[in-house]
Amino acid sequence: MRARRREFTEDGVTVIHEPGRTIVRDGEGVFIRHDETARFRDLGGDFRTERRGNEMVSSYERPGGVRVITVTDDNGQLLRRIRRYPDGREVILIDNSFRPRARTFEEQIIVLPPPEYSMSQERYMVDAGEAPPEMIYEALTAPPVQRPPRRYTLDEVRHSPTVRAYTRSVDVNTINFDAGSWEVKPDQIGRLDTIAAALGRAITANPNEVFLIEGHTDAVGNDTDNLSLSDRRAQSIAAVLTQSYNVPPENLTTQGYGEQYPKVQTQGPSRENRRVTLRRVTELLNQQNTQAPQQ
């Protein structure tokens, strides 16, 4: 992957392109953006893309005739994700277009005061390897620990740790990836049983749920590699949840953070820091608009 990267710097901003991803580094930090349609395209089946004006509209039909529509702009940034039922009803699951497009990365970073909550740290940040299934389910269906000040775009949620802190989380560090690899090996898939069961149960209760899967690494290696690796690992977990457990792909979204948010403060190898984290972000996005069939 390193050999296929292309890098340029302009006005103090460094942009690194690699297959399926773009890494941007400026004075305020570094973030990664991935192809929002790749996960659906890789599922196979009826997938199609067409240009409509300044937008690219991709659709994927999953079993049962439900069609998932992903709308991106010319830069590949997600604008909307919509579920369309066979009878024409539409549900907007993710909407990044209700606010003007941010001109800089900094505009997408929201700083909020730490939320107030009285629960134990073990319930606020659940360890999937130790917690009972009901605690995992509770964390993945709970409302924010404190009411957020307003509605946020997915990009604001992805890039603002203080916004994500308003939700409870489930850390999964039981998947052992090979060094430099994002493949989930067959003998590792069963370790997602409890997570998949909780997600399936939550989505059955509310089909409009949206869950963010975060990828994290330890600090070993360079930060560009770690950022790319974490993003690909998060996407691999999402793919396994859909392909092996039938979790609807439109209810999942992913983001890699590399070594930026360690669970344990260390520069050395750390199993605790090599993890994926799941959060329910439905109420941060606050987007559950059901529309009547189009005439």
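I start with the model and the overall fold, then turn to the salt bridges.

This is a predicted model, with residues numbered from 1 along each chain as its sequence is written. Local features need pLDDT of at least 70, side-chain atom pairs count only at pLDDT 80 or more, totals for chains, interfaces and linings use all residues, and side-chain values use heavy atoms, with hydrogens and water left out.

The protein has nine helices and 15 strands, taken as DSSP runs (helices H or I, at least four residues; strands E, at least two), numbered from the N terminus. Of the 295 residues, 52% are buried, meaning under 20% relative accessible area, with exposed over 50% and partly exposed in between (1.4 Å probe, protein chains only).

Now the charges. The count comes to 33 salt bridges, each a side-chain nitrogen of Lys or Arg within 4 Å of a carboxyl oxygen of Asp or Glu.

Take D225 and R2, which meet at 2.5 Å, N to O. D225 lies in helix α8 (residues 223–245) and R2 in the segment before β1 (6–10), so the bridge ties together parts 223 residues apart in sequence. D225 is buried at 14% relative accessible area, while R2 is exposed at 60%.

Next, R150 bridges to E156, with the closest N and O atoms 3.2 Å apart. Which of the two is buried? E156, at 4% relative accessibility; R150 is partly exposed at 30%.
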